[in-house]
Amino acid sequence: MLNNEYVIQSSPHLKDKDSVRKIMYTVIIALLPAVFASVYFFRLRAVALYLTCLVACLATEALFLWIRKKPIQSLWDGSAAITALLLAMTLPPGLSLDLAVIGSVVAISIGKQVFGGLGHNIFNPALVGRAFLQTAFAEAMTTWVPPVTLHIDTGTFATPLGNLKFQEAIAQGTLTSLKDLFWGNVGGCLGETSAIALFLGVLILLAKKTIDWRIPTGIILSLSIFTGIFWLIKPNQYASPAFHVLAGGLLIGAFFMATDMVTSPITPKGTWIFALGIGIIVGLIRLFGGFAEGVMYAILFMNTFVPLLNRYSRPRILGERRAPS
Amino acid sequence: MPPPEKVSIPLLQHFGSPAKPLVKKGEDVYLGQKIGESTGLFSAAVHSSVSGKILSVDGAHHPLGKPVTAVTIANDGEDRPAPDLLGAEHPFSLKPEEICQIVQEAGIVGLGGAAFPTAVKLRPPKDKPIDTVIINGCECEPVLTADYRIMLEFSEDILNGAELVRKATGAERTIIGIEDNKKDAYKAFHEVKGNGHAEIVLLQTKYPQGAEKNLIYALLRREVPRGGLPFDVGVVVQNVGTAKAIWDAVSAGKPLYERALTVAGDGVRDPKNLMVRVGTPFQAVLDLCGGIKDNTNLLIMGGPMMGLSQWSPEVPVIKGTSGILAWPAATPPMEHNCIRCSRCVQHCPMRLIPTQLMKYVKYEFLSEAEDWGILDCVECGCCQYICPARIPLVHWIRLGKNQVTGLKRKKRVEDAQ
């Protein structure tokens, strides 16, 4: 054994088995219940949108990796696929496929690669793509088709939140029931409608500690308190916290978008501020803003504060006497 | 294990200043004879671990990778003890300073791994009274089990040693901290009646609890100030092995020339815990454990999280060698961008932000790195272990620590001029 070559390396000499790729594929698996639910409710429309976004996102990612002379294996790290799924899940089911392609290209290029790729982006890429579409094609992005399971043939159709905001649903008594919101038998973006499917997915992520539990907890808590106060004061004008939590994109946002590791804070205190902030902004937009829904802007808005939050919420070092700066 | 044919004893076995050699080539030495005299505060005496003839006083392989003078002795196999080694008749009636003197003469250093001279720890500054002695039975690293073995076999010696530490420092309380995966040791301490009144506390098993500052926090909820020592919160921490060594030195006059260590890892045919003489080459220890397997190319002194990889099995066991580990090295994994998953933040025992420190060092923001506590890092390795992007965080932080201390030293010199 004396002629053996010994390796010199820096400690530690052990390594946990988890990797970036494993984390990404865990997220994809966790998204699948909601993906299947959307295929059940919207049938071929859903399949077509998912496939379009996947192909467009992966192609854009590949192009950028090639331009930036990065190893092409990075294409399969799963991050572009997650962006594709999340983008598709936040699109209206009736959206034309060319717009889905535009959204995908913007999400990957401007949302992620211009910053330097995975790990360097400031905003959630899928939401950047969606925000672009929302601004550029506002009409197409707010035209909703009912789920196949509702058996309605009508040109105009409103989401539960749109109904609440613009059609005085509470006064008319047409507010969507919590039961329908829970199972997903309502209008809305592809993947956001079924609360139960999203819950199933997030259980996987929480069990594997892939996401920080503080984020969904903080968002739901602050939105509930915020909307709860108004609901208690004027129940005939404002919807209940349970309605606000289950309706629209709140759950998919709280479970799968705000929890994006790259665009959320790394310190515990910063994470709480981030999460509570999202919930309150969602409440503000929904109750007093011009839009029926506010999850996307709330998350993007709080994304901008992440570097600041990280800087000013450094934990107190063990043995440190002064207040943390 | 039986003493080897030849030992090579380095005169510096820790950070600090090397001992001054007291012997020359060709001289005969006894077992336990002092061969190196301590030269300052952070220096410890060195003793022969065999009896026999001195082959050389020269440079030799050193497990810490430093060029250090070592005394090489051919063992005559008789273990003739030095005649002047006598134990105290009434160990518990000694005065504190007498205990410190014996400990210093016996060359005792912390046996947890860092090998800090023990006598320094027994002489707290006058303005910092000590109220509690903690005996560390928390095994400084995973895989290593030598402390556990010592606790089972020498529970009484450890309790006696703990009592001596308490007397030397003038503390009121003695606490022995044991992790809850070593319940046998917990029982063993309860069964023997020591000459003291130590409290034995079971702690949750959690690396790096064997680290001084973390152990103090776990047991007493006291935080050692940044850059400070346990003295600052009225505590002295000693490893179980050190407590035994103190008892051996005081009661039997035995200087520190052997220690318990763990030989383990997938590359070792027959893993063991052994009592090994200081200066024994790693190769001799490994041979006794059935040798190492063919594909083994990683040899570590210490534990898997903080141990030092060795380039040759000819390096000697020193006072700080808590383990010898060997296994086939994994190919270095491909590094990824940091995805800010914050797992390193969640796992840092010092509550630092390893990923941010890494970035500061990488882009040479050294004063920011210092502000964010880079010097508080204990290099436990948790962040790098958990990192899914496989970033060598500890490596970057170590580099940064060196650069930051280098800058500080330079600044001090400039200020002095």
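# Exercises on a predicted two-chain model

Along its sequence, chain A runs α-α-α-α-α-α-α-α-α-α-α-α-α-α. The structure is a predicted model, and the exercises below are worked on that basis.

## Exercise 1. Fold content and confidence of chain A

Determine how many helices and strands chain A has, and state which of its elements has the lowest mean pLDDT and which the highest.

*Solution.* Step 1: the secondary structure of chain A amounts to 14 helices and 0 strands. Step 2: chain A has a mean pLDDT of 91, with 96% of its residues at 70 or more. Step 3: among its elements, the lowest mean pLDDT, 82, belongs to helix α7 (residues 169–172) of chain A, and the highest, 97, to helix α3 (residues 97–109) of chain A.

## Exercise 2. Overall dimensions of chain A

*Solution.* Step 3: along the principal axes, the C-alpha atoms of chain A fill a box of roughly 85 × 50 × 35 Å. Step 4: in chain A, 72% of the contacts with a separation of 6 or more are between residues 24 or more positions apart.

## Exercise 3. Burial in chain A and in helix α12

State what percentage of the residues of chain A count as buried, and decide whether helix α12 (residues 250–257) of chain A is mostly covered or mostly uncovered.

*Solution.* Step 1: 51% of the 325 residues of chain A count as buried. Step 2: in helix α12 of chain A, 8 of 8 residues are buried, so the helix is mostly covered. Step 3: the buried residues of this helix include A:Leu250, A:Ile252, A:Phe255 and A:Met257.

## Exercise 4. The surroundings of B:Pro316

Locate B:Pro316 and explain why it counts as buried or exposed.

*Solution.* Step 1: B:Pro316 lies in the loop between β15 (308–309) and β16 (323–327) of chain B. Step 2: B:Pro316 counts as buried because it has 29 C-beta neighbours inside 10 Å, the cut-off being 20 or more. Step 3: leaving aside residues up to four places away in sequence, B:Pro316 touches B:Val7, B:Ser8, B:Ile9, B:Pro10, B:Gly279, B:Thr280 and B:Pro281.

## Exercise 5. The contact between the chains

Find how many residues of chain B are in contact with chain A.

*Solution.* Step 1: 51 residues of chain B contact 34 residues of chain A. Step 2: on the side of chain B that touches chain A, at least two residues each come from α6 (212–220), β14 (298–301), β15, α12 (382–386) and α13 (393–416) of chain B. Step 3: the residues of that side comprise 29 nonpolar, 15 polar and 7 charged.

Technical notes: Residues numbered from 1 in each chain as written. Chains lettered and ligands numbered in written order. Predicted model: local features only at pLDDT ≥ 70, side-chain atom pairs only at ≥ 80, totals over all residues. pLDDT = per-residue confidence, 0-100. Helix = DSSP H or I, 4+ residues; strand = E, 2+ residues; numbered from the N terminus. Buried ≥ 20, exposed ≤ 12 C-beta atoms within 10 Å, placed from the backbone. Contact = placed C-beta atoms within 7 Å. Nonpolar A, V, L, I, M, F, W, Y, C, P; charged D, E, K, R; others polar.
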